[in-house]
Amino acid sequence: MATNNIPEKINTAAVVFQIWKKTALTEKIRHIENLKVKLLENKQEYAESISREMGKPITQSIAEVEKCGLLCDYYIHNAPVFLQGRTITTEATESYITYEPLGVLLGVMPWNFPFWQVFRFAIPSIVAGNTVVVKHASNVPETAQIIETLCRDSGLPEGIYQNLPISSKAVADVIANPHIKAVSLTGSENAGIAVATEAAKHLKKSVLELGGSNAFIVCEDADLEKAVSTAVNARMQNAGQSCIAGKRFLIQESIFDSFLEKYKAALGPLKMGDPMDPTTQIGPMARVDLAQEVENQVQQSVAMGATIAFGGTRNEAYFDPTIITNVTKEMPVFNEEVFGPVAALVAFKNLDEAIAISNNSRFGLGVSVFTQNTDYIKTRIADFEEGAVFINEMVKSDPRLPFGGIKKSGYGRELSEEGIHEFVNIKTVLIQH
């Protein structure tokens, strides 16, 4: 589509918003119920599009689509409570707040979870009464269009959800459009800075879900088998291309060697291959240049003294599951976000040191801690500079829990009640008789 048609699409979204915002919530929810049914009916087709465009193993793509169905269910059942006005007792005759939609929202979405990232932005926004336009990643154009078609075919009124097939350079003009009231971006740190800067020029709200370099801390009293098996999924899912993946693995000195051997043994049998093969566990990375970038980070770290303990080989877009040891904080595999299947292992003496190493990052998305002494870890939650702390579990998004980070990982929250309230006008009403 030509860029000069984009203002027309945004105008359509603004016109239909005037109707949609007055539509009964029960009717909005009915549309989301229809969408969920159609989504799950066609999950195989949608999953194949994901795998074909960005290389995710088909079983993981199916799981992604199914998770979108869970998200729909969550807001179908909980939106009436989240959007209900709230009475506040004051000296006035009446005082209360209402939650009202803002208008047309722009979503700038990434390729790594091309269905899930869109759904977690769009569904609560639409249920709240907004309309949305989405600039999806340039390497998933088919998936981007499929989502718009799904919304239309499930009965959502024309203009509620629209795909904008534009380049990143055109985003600034969309943000500047007076009909656009706010923007949500999931992407890189630099993309977040660019979008937030444009939004700020026009005093428009932005929510940013950016990168992460999550620490995965394993204490000496942890269930080592569980920690190792979780570490495989935490780092290798989606070929490591996830902002919330475990990336820096902090292992207590007394169990470091044991963890390393068990981790190597667990990674060895993983099947790498055709993403359309249901038995494939590691597919190609989304693009060759992305795999080359990871390779450069590994090679630079090795030149600085790191050791490749396992893997380390690239073949076009395929990058072997890799473990790096002898890692220091100056190395790219520690101080940069490594968006690929590379685990950097660092030893620590005690929990105080582990927390200090974990916090030694410009990112603050999430941290995992494995220990049997959960009561003690609960007393240290505030010491972690993160948006989420997961104990004896990998960091992952859940429709029931707010999701987001601090520091260079962004600001604002998606999912849960907090997510649906990001793009509403919390209006105060006071009446005095």
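This is a predicted model: local features need pLDDT of at least 70, side-chain atom pairs count only at pLDDT 80 or more; totals for chains, interfaces and linings use all residues.

Colleague: What pLDDT does the protein average?

Modeller: The protein averages a pLDDT of 97, and 99% of the residues score at least 70; pLDDT is the predictor's confidence in each residue, from 0 to 100. Helices here are DSSP runs of H or I with at least four residues, strands are runs of E with at least two, and both are numbered from the N terminus.

Colleague: On to helix 5, how far apart are its end C-alpha atoms?

Modeller: They are 16 Å apart, which agrees with the 16 Å that the 12 residues of helix 5 (residues 116–127) should span at 1.5 Å a residue; the expected span is 1.5 Å times one less than the number of residues.

Colleague: Where is the kink in helix 4?

Modeller: The kink, of about 35°, lies at Ile 76, shortly before the proline Pro 80; the bend at a residue is the angle between axes fitted to the seven residues ending there and the seven starting there. The end C-alpha atoms of helix 4 (residues 58–82) are 34 Å apart, which agrees with the 36 Å that its 25 residues should span at 1.5 Å a residue.

Colleague: Switching to rings, how many aromatic pairs does the structure hold?

Modeller: The structure holds 11 aromatic pairs. Rings of Phe, Tyr and Trp (its six-membered ring) pair if their centres lie within 6.5 Å, and planes under 30 degrees apart count as stacked, over 60 as edge-to-face and the rest as tilted. In one of the pairs, Phe 121 and Phe 423 have their ring centres 6.3 Å apart and their planes at 90°, so the pair is edge-to-face. Phe 121 lies in helix 5 and Phe 423 in the loop between helix 15 (416–420) and strand 20 (424–431), so this contact ties together parts that are 302 residues apart in sequence. Both Phe 121 and Phe 423 are buried.

Colleague: What about Phe 216 and Phe 370, stacked or edge-to-face?

Modeller: Phe 216 and Phe 370 are stacked, at 4.8 Å centre to centre with 25° between the planes. Since Phe 216 lies in strand 8 (residues 214–218) and Phe 370 in strand 16 (residues 367–370), the pair ties together parts that are 154 residues apart in sequence. Phe 216 is buried, with a relative accessible area of 1%, and Phe 370 is buried with a relative accessible area of 1%. One aromatic cluster is formed by Phe 216, Phe 249, Phe 259, Tyr 263 and Phe 370.

Colleague: Which ring does the charged end of Lys 67 sit over?

Modeller: The charged end of Lys 67 sits over the ring of Trp 116, 4.5 Å from its centre. Likewise, the charged end of Arg 248 sits over the ring of Phe 334, 4.9 Å from its centre. The rule asks for NZ of Lys or CZ of Arg within 6 Å of the ring centre and within 35 degrees of the ring normal.

Colleague: How many disulfides are there?

Modeller: The count comes to 0 disulfides, a disulfide being a pair of cysteine sulfur atoms within 2.5 Å. The sulfur of Cys 72 is 7.1 Å from the closest cysteine sulfur, in Cys 68, which is too far for a bond. Cys 72 is buried, with a relative accessible area of 0%.

Colleague: Last topic, what is the phi of Ser 416?

Modeller: Phi of Ser 416 is near 55°, a positive value in a residue other than glycine. Ser 416 lies in helix 15, and at 7% relative accessibility it counts as buried. Asn 392, in the loop between strand 17 and strand 18 (406–407), has a positive phi of about 60° although it is not a glycine.

Definitions and conventions: Residues are numbered from 1 along each chain as its sequence is written. Side-chain values use heavy atoms; hydrogens and water are left out. Buried means under 20% relative accessible area, exposed over 50%, partly exposed in between (1.4 Å probe, protein chains only).
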